[in-house]
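Have the sequence and the model open side by side. The paragraphs below go from the core to a loop and then to a hairpin.

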Amino acid sequence: MQQDEQPFISPSTILPETTVKALILGFILSAVLAAANAYLGLLLGMTVSASIPAAVISMAVLKLFRKNNILENNIVQTAASSGESLAAGVIFTLPALVLMNYWADFNYWETTAIALTGGLLGVLFTIPLRKALIVREKLKFPEGVATAEVLKAGNNGSALLKYLITGSLLGGGIKLIVEGLQLWQSKFHAGVILNGKAFLYFGTYLTPAVVAVGYIVGLNIAVLVFLGGAISWYGAIPGYIALNGAPEGLTATQAGLQIWSTKVRYLGVGAMIVGGLWAIFSIRQSLGSAMKQGLEAFKKAKDSTKTLRTEYDTPMSWVLIGIGILLVPVFIIYLREVQSVALSSLMTVLMVIAGFLFSAVAGYMAGLVGSSNNPISGVTIATILTSALILAALLGTDSPVGAASAIMIGSVVCCAAAISGDVMQDLKAGHILGATPARQQVMEVVGVTAGALVMAPVLTLLNNAYQIGSEKLSAPQASLMRSVAEGVFGGNLPWNIISIGALIGVIVIVCDLILQKRNSSFRMPVLAVAVGMYLPLYLDTAIFIGGIIAWLVSRFYKKNENNPRHLEAKQSAENAGLLFASGLITGEALLGIFLAIPIAVSGNDKVLKVFDYEFPSVMGLAVLFGCCLLLYNAVKKGYHKAG
């Protein structure tokens, strides 16, 4: 929809939006999707948007009631998607405090307070930016547009739900077989070191959720993620072994993983910092204009009650009061941890400046490239690195609380930035549909609250069962945040490797600028390459496989473009594929959480293993191939059913 078009529901039409059933359903879905995305993020270091699955579930459930409408459905997905986004902000940062042994566990009140205050600040920071980014800048917000289109095609909600349910059952069933019954390994490895110098390796993850992530992000991003992995695993690690030799007493695969985790993954840190800074620089003028308009809205301190329903935001006076109130618990949280009024005040100031700046950046970037490509990791690492350097200069590098303080600043900023991108996508969907922005903003608060309430128990359960930071749940983002913060205060940050990673990031940016100048459909966002650098190659490979499926699907569309109903059939097929892939992810993630319960209670990760025999990894490869075929066939079925 172009910005000058009329919304789907006229501003003069009044429909029930924030109904009791919408509040309850939105709260429940937010909590469930937050838990699922927490598991996915700790496993993969990436999360995916839950807006469309939430919209489809909402449509199916609300159809059971006599009265329901499209704006009510939109309100439900608004709340549900905010829980998923909050999970990203939490799991990217707070597990670092446990990994560095600053926290013994995830204390419920501390974890909830940080997640809740960060998420609520993210909602409040974006309210004055809505008109600037959606109405005046006319950014595209791809996930918001897609969600609105699914909601407009709401009559197919129940039909589409079967793809989500089928994918969930399949993903959950395979997770049960692999991690519960343990009939085969969850990953395939093959590595060799020749003459003590040359290193060759191949690996892939054997459950379909990671492949589904690759399908959702598409071939372009999947290729870049794999490229980042290739730089690390086919360039940096062989180069390191050629110069220094392989670690003794380890297999080739173990040696590669050790070198990657202790040395090579810092390439990703350098590229990520460059990516975050480039994101700010590249949109500096437009961002400056948007922030100026947002600050002007703050200064007015109130909105006119005479505006159209579809343009009515939460009053700025309420926003200012809310931000002021939230700074108090943030200060108290910091004070409780560091026991210093002056340091807590400094941390609060740094947080609010970085939080508003990076919330604006995240909101703007979500409008340009979508939430999946948002540089949350880059801006969070930049925040933690900057905060750590400032705190180290003031406290000294031997401070026992310095590294943790930097993480805690970054955690609130990361939650705020993660939420802001989601809020803008939701408000874009609402703008197209004719929703009331103020009511959506209230539901963002509901969703954030629901997500925050479940984070601590979910993280505690996963940590007790799988040990966050282990190979089973490596928490790649949080591990990097910890490495950066501790590296500054420990003086052992490998700046030479980080500098090489930054140089690689600059090269990728230059390549992307060349592609942009040539109007190429293939682009090279640097954050995607950086993600690939710090993920183990078996995850990069699985993402790449998903990207290939997305490419095969695009070829299928091209072959059928002469179909008179091609556009309608293609939309149906895209929804079917997206929901089947989302189901694979959600089913695996929820089963991973459910399986953690008996493991945590018994203290035995083999509590559900009933057979001594274990199938070879080729069985897992065969099952994964079958899941790929089912995903492709779901798209074809969705196409032919509509066309």
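Which residues of the largest nonpolar core touch the most other members? In this predicted model they are Tyr-334, Leu-462 and Tyr-466, out of 199 residues in that core. A nonpolar core here is a set of buried Ala, Val, Leu, Ile, Met, Phe, Trp, Tyr and Cys residues joined through side-chain atoms within 4.5 Å; buried means under 20% relative accessible area, with a 1.4 Å probe and protein chains only. Helix H16 gives the most to this core, 18 residues. A separate second core has 13 residues, among them Leu-25, Ala-50, Ala-54 and Met-443.

Residues are numbered from 1 along each chain as its sequence is written. Because the model is predicted, local features need pLDDT of at least 70 and side-chain atom pairs count only at pLDDT 80 or more, while totals for chains, interfaces and linings use all residues; side-chain values use heavy atoms, without hydrogens and water.

Ala-435 lies in the loop between helix H16 (402–433) and helix H17 (437–466), helices being DSSP runs of H or I with at least four residues, and strands runs of E with at least two, numbered from the N terminus. Ala-435 counts as buried because its relative accessibility is 2%. Beyond four places in sequence, its contacts (heavy atoms within 4.5 Å) include Glu-17, Leu-71 and Arg-309.

Strands S1 (residues 187–194) and S2 (residues 198–205) run antiparallel and are joined by eight bridges; pairing requires at least two DSSP bridges. Phe-188 has Thr-204 in S2 as its bridge partner. Three residues separate the strands of this hairpin, and Asn-195 in the turn has a positive phi of about 55 degrees.

Technical notes:
Buried < 20%, exposed > 50% of the residue type's maximum accessible area, 1.4 Å probe, protein only.
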